[in-house]
Amino acid sequence: MKSPESNVRARYGMVVDLDRCNGCGACVVACAVENNVPPANGRATERTGISWLNVQRLEGAGGRAAFLPMMCQQCDTRTPCASVCPQNAVELDRSSGIVGQVPVRCLGCRYCMVACPYHARYFNWWDPQWPGTIAETLNPAVSTRTRGVVEKCNFCIQRLQAARTRHAATGGDPAVAPDYTPACVEACPAGALVFGDLGDPQSEVSQLAQSPESFRLLERLGTGAKVHYRTRRPWVRQAVADAPAPTDGRTHV
Amino acid sequence: MFPWSPEFVWDAGHLAFFGAFYSVLAAIAAVLGLGLRRAVADARAGRAHRIAWHAAFEELPARDRACRHQLTGEAPGRVCDNAFDCRRCAAHPSFEALRATHASAVPATGPAGLHLPGDRLYHRGHAFVRPEPDGTVTVGLDDLARRLVGEAEVVERPRPGMCLEEDAPALRLRAQGREVRVLSPVRGVVIGTSGEGAAVTVRVDPEGPLDTRHLLDGDEVGAWAMREIERLQALLGPRELGPALADGGELLPDLGAVIPRERVDGVLGEMFLDL
Amino acid sequence: MTPLTRRDVLFGLGGGIAGTLLSPLPWTVLDDVAIWTQHRRALPIPRDGETSVRPVACTSCPAGCSLRVRSVAGRPVFVSGEASHPLGGGACPFGLTLHHLAHHPLRLTTPVRLDAHGTPTRVALGAAVAAAAGALRAASRSGRAVLVLDQRPGRAVSRAFRELLAAVPYGLYATPDGEGATLQVLSGAAGGPLGIDLEHTRTLLSFGAPVLEGWGRPGRMLALRDRLRIVQLDAWRSPTAGLADEWLAIRPGSEGPLALALANVLVGEGLARTPAAELRDLLASFPPERVEPLAGLPASAIETLARSLAAQGPTVAIGGGDPGGGPLPLDAERAIAWLDVVLGSVGRAGGLVARGSLPDDGTAPLAPETSLAEVPDGDVRLLVIAAGDSGRALPWSALGRKLAPQALVVSLSPFRCGLTARADLVVPSPAPLEGHEEILPTADACVMSYAVTAPLLPPCAESVEPTRFLAELARAAGLGVPSDGTHAERLQRRAAAIFASHRGRVLVRGDEGFREEAPADAGAFWQALLEGGCWVDDSRAARAVAAPALPSPAAVAGWLRAEPARSDLPLVSFAARGAAGGTPPSPILTKLYQETALRPSVATIALHPQTARERGLVDGREMRVVSAAGRLDARLRCDPTLPPGRAAMAAGPDPAALHEQDAAPARGALALGVVEPDLTWRGTRVAITEA
Amino acid sequence: MSERLDEGLTPRGLPRAPLRRFVLWLVPWTALLGVGLYAGYRCLAYGLNETNLDNRFAFGLWIYLDLTVIALGAGAFFTGLLLYVLRKRELKAVINSAVVLGFICYSGAVAILMIDVGQPLRAWFTFWHPNVHSMLTEVTFCLTCYLVVLAFEYLPIVLRNRKLSRLPSLLLFEHQLHKLMVVFALVGAFLSFFHQGSLGGLYGVLQGRPFAFREALAVWPSTFFLFILSAAAAGPSFVLATTWIASKLSSRALVRPEVYELLGRVSGRLLVLYVLLKSVDTLVWLNHTSPQLGIHPARFYAFDPFGTWVLFAEIVALGLLPALVLTSARWRRDPRFLVPAAFLACAGVALNRFIMTVQTLALPTLPFDPFLTYLPSWQETMSFLGVVAYGVVLYSLSFRYLNLFPQERELLASEEVTHVPLVA
């Protein structure tokens, strides 16, 4: 994926409002539909399924719940997966800051999955299958993946290409994509996902990202994730922002 | 992988990585190439039998590589390093020089009733060489060898005109159900063979003047035979029993037959230096 | 010329190989091989083409969310919610997979006969119609009922059904009880439909209604979420309970007494208008202390809640039940309705307000609307299950008990699942996106609205519009009705009637969201509707409400009776709207039910860890779950958020069935549900033992 | 049947068990190998869903096996290095065995790796599109090259077989190859240093896994050096242990006691150094590296069964203890201490690889992550055992038909006790 020749350097990122997310799962499904992720094999579990976007439930006191959409956090400064891939199947697109996966080149060694602290990478444990004639509804902008390769969220980079093309068609700079929106952001009915260029200080996303209510997961690992989370609820913040200090009692398994 | 492949970048990382990788490949290829070339050269130069003998000699345990001067007590503990080729040994001439007399009249009987005539020279692989008046030599199995092989059958005898190499197999026998290769003590052209079984002899026209410095003769033969009986004994039983043999008694005529079947092959190989 | 030596040949070969290696050729080939390995297993390669975006409406449940479908080369590939829709934007996962349904493995494309195992055999439409007409004539002869179950009443096709049933000696038109049950109780008293003025409501007290996860028009709730205080009274930590401002865990089945106890406090503390004497007498039996053990809530919590309802008004109390748990008993709904009356919420801004109706577009007599529960058992000779999904679960036994011997069940659903799996004949109507659809307001809406979507896909050649089936059935049975006209023509007639009424506003889709427009004539109005526009009625004046019926004395006595200690556990059954209805979920929903832990699957039964411990049951093990209606195996999931002393299980969907080509036997809570005569199954109790 | 059908193939003069007994010995192992091959076939044919690996436990038994056998297989390179480069002539007694062990370990590891990757047909992509900054690239290149080197080190041993060495061309090639073995030893040592290190680096670079992450010295994390050192320390112990097992199984002295002692001494001294550096590394990691990444180190040991006992077992019980025994000349002389110490040293390196592979993945990274468990499927277990069986079969065949222990012949005479009267 060669970036267009331009000096425009965007750093696409997202701010997830944890107070708005109601865990409906629309983003999860939209992501799978847009990116031709197959339905699960009958034997798949939550640990062997493929869901580029995975909504985690956080438990608060008194039965309160919060939901945390987890996708590839699009690490920026130190990308754990890109540096470990033995065959350059993970690519950092310099024009957009998007960490992409090249499934045709992936060997399936899964080292990147071990390296990723966010568990945002998924392995095709089964041959993909679409029951009925659902394969008719596959998105031609994304190629299907074979068994035995790793895949993950890439902020629907095909939509970036399409948005650039649309912008160019209206006489704009082909490197700029003003109406670029990933599928999950488009699908979220609660408006919990805000997407845009973090490099543009005027953008809503970068202003939200800088607000004191915003934080990143595992910030101290220094991955420079481009997905930010925000919440005004202290218990939510406490549940996700920091690694908890050692527990009082030992966890028994 | 190559400078022209898409991912290649001319940076220190790539240069160091691929520099090392191609160096390793080159080293492996060079070793293989060199080994192959040298092997071809060896084959062309006919060094195969020498190398084979050396390889076999290398495998012999130290006690089986005893120097002939150790056998006679001249150099206790001395181990041969020259694959029993005394002509190449730097020390051999000096030992020879030290010997006062070179006994020529040797009794025909060795220890334990072995028949080891003095007109013969003995190879460490139990082949004898008898110089014939016409300048040729007769090569055959010595008495210990004959007793070991017993009722043997000659599987392969050299054809007249063939060139025998020193320490290379001259004969193949089948004895006690096992195959034994008898190493040739001399280098020369085969004139003919005679005799059957263990009594087979080969008439050889030695190449060039007959040089027998590497063969045992004289006093050494008895000591060596004694040592060989001890070795045989050691191969079969506790070492302590060895010396008891020297006290008397006569070796069984069909020695091979008493060796336990499962040990025959090993014993024959050891005794004939055919490993 | 010198002859070639072997050396020359070798040199030539070596040079050739080295030269080839230095050229890009072998490396390009290698790269291509890399690509080939990707496709060695014949992966589908979608065709590319022209992209277009069209507005449609979701038909998976009554919410009728407005959607946008992106198609490539005429094939829909992506669905998203119409964010700026005036009736509420956004869509749920079921709507986002609407375009999969026409391709669903359980889709039927021709009329079929189903055997006892649900295996389909193709039949001709004529034969199917003849069989249905025969059953209809037999019903007329024997005085048995012809029943149409319409899960989406109010559509033009509903009218066609009712016209037909009116012409039959004993025709019943039934709709299942749904999420608007409380409103229905009050509407019955008010003499016209009511809606909730949520835009001005401050507190929404929900008795187990999933108000934050697919209730009413979800987009409306999402838009109002920040302004609304939501108090959830629920037997389990439902998604709504987890997200609500307050969740009070109540004992299953205690909704009725709890509503009365809240009213008791309000009346007792003078926080509400003084009710009629008969209600006062009833309330006197339900002081908070009395209800405390029934509801499992401290009396003080009931009092605090009641005070806050009064203080933070306007407050609306609603019941309706969970889509997977079935309706609340009518008496509980009456109690909740009375709470609304006591709170003074009826007929005031921010409370329950009147909603208009669509103008009439026909003159033929209509069969009256009845509740399915009112249909006598064993009386139905011909049952027609209309296409259209309420998005709520309905166990087959609720219908099965109504059937007479030799009854014929005809389903018009395009999917061989849910109730349709038990039908004798299926005459499939067009799948979603293949036909014209009407969108009517949801139960909560306080204004009437109307929208129509045009087909996006060409209908399958042998699918049958229900209107056409009805026409052929009437012809074969020798009935004069329903009046002729295709489905589209009926809708157009309806639109014309709306246009002619000169009521409301027309909102059309523009580049910058929706804007009001005045269509020149009925044709322009119809066109505006087809292009994603909608008609919104004017607001109505508040309607004064007469007193609704009181809970029956039998129910009240039942509530007050102390329950004996039992070893089996009440079962809390639940499902997201659309998950356990008649429309099969897209297989891609394994993402929610199987591949992530987001939603519990029917394959698990939840217990509080302490409840499990008391029974010696180990988390993660396979359990045998037995109710009076059935038994099944499920894995135990210890869930500390589930209050002790009850079991919780999803009613659907079954992720294992999402892969199947064949309709699997029902798993999950629906297979266990013990259906009462009032067609509720909330009283189901289960015994759990290790399998 | 006392005569052996395969007598012409076994080294002459070296007593070998009757063929029948040997076959009986091989039967269960071959059966196990067969099951392992079937399990491997299933994984290749039906995909990795045959395993119990998942997206979170992406590495499991197989990677653990690879790391361990490669560490133990380091005996091959290290013995070669000592013999050919540092001229420890005594080690000639075990070099053949060490080479065979190395070959078994590395070929087994590569075979398992081929099953472990999702698309084995794309194995060459790593060579074609290498990311030179990835530790796995280094591992792949070095492993492949070293397997080739080991094959060429193994070749001469095979060519010395009694039957094969009768063919002059093979004999000559073997002879010349053997003379150049020092080059292979050097290349092998170079490659081994790098891939043993890179295997350690594999985990050390994972900044996303604070349990495994270590700070870098030069461009490599400290695990790079620790893995080299631990492999070099365990390798000789493994050679010692296997020689001892072979000797027990064949009830024959294969090498002189001095060789055992030398192996033990080398292993012990390296182990002392390793334990020292590992302790320093652990202290730096617990007190500096991991707090800096925002993780309290106690969290690493907060989940059962991975308590702090793991640290103790790895560093003290299976590190320091064998190190002390092996460095003590007195204890080393006593096989009752020497051999168990060698086994402990091997177990220590195996535990270290287990911790790096399994505990790293089991521990949560995100605050709301659960602690994960994983139990290999029968397909994984059987292909693992298949590799073990492959090793036993290949080693048994090598032991029987090749001359793995040159001192065996020498030690033979003192062993035999049959008394045969030779005298009439």
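I count two strands as paired if DSSP finds at least two bridges between them. Helices (H or I, at least four residues) and strands (E, at least two) are DSSP runs, numbered from the N terminus.

I am working on a predicted model, in which local features need pLDDT of at least 70, side-chain atom pairs count only at pLDDT 80 or more, and totals for chains, interfaces and linings use all residues. Residues are numbered from 1 along each chain as its sequence is written, while chains are lettered from A and ligands numbered from 1 in the order in which they are written.

Entry 1, hairpin in chain A. I looked up strand E4 (residues 90–93) and strand E5 (residues 98–101) of chain A. They run antiparallel and are joined by 4 bridges. I checked A:Leu92 and found A:Val99 in E5(A) as its bridge partner. The hairpin has 4 residues between the strands. There, A:Gly97 takes a positive phi near 75 degrees.

Entry 2, sheet in chain C. I traced an open sheet of 4 strands with parallel pairing, in the order E11-E10-E9-E12. Strand E11 (246–249) and strand E12 (315–318) of chain C are the edges, each pairing on one side only. From one strand to the next, the twist averages 15 degrees. Strand E9 (residues 203–206) of chain C runs parallel to E12(C), with 4 bridges between them. In that pair, C:Leu205 stands opposite C:Ala317 of E12(C).

I took axes as lines fitted to C-alpha atoms, for helices over the stretch in contact, with angles from 0 to 180 degrees between N-to-C directions. Helix H5 (residues 156–166) and helix H16 (residues 487–501) of chain C have axes that come within 9 Å and cross at roughly 105 degrees. So H5(C) is roughly perpendicular to H16(C) (the class covers 65 to 115 degrees). I call residues in contact if their C-beta atoms, placed from the backbone, lie within 7 Å. On the H5(C) side I list C:Ala156, C:Val157 and C:Ala160; they meet C:His487, C:Arg490, C:Leu491 and C:Arg494 in H16(C). By class, I get 4 nonpolar, 1 polar and 2 charged residues. Ala, Val, Leu, Ile, Met, Phe, Trp, Tyr, Cys and Pro count as nonpolar, Asp, Glu, Lys and Arg as charged, and the others, Gly among them, as polar.

I find 56 residues of chain C in contact with 49 residues of chain A. Elements of chain C that each supply at least two residues include helix H2 (25–38), strand E3 (75–81) and helix H7 (218–224). E3(C) gives the most, with 6 residues. The chain C side has 29 nonpolar, 17 polar and 10 charged residues.

Conventions
Two residues are in contact if their C-beta atoms, placed from the backbone, lie within 7 Å. Angles under 35 degrees count as roughly parallel, over 145 as roughly antiparallel, 65 to 115 as roughly perpendicular and the rest as oblique.
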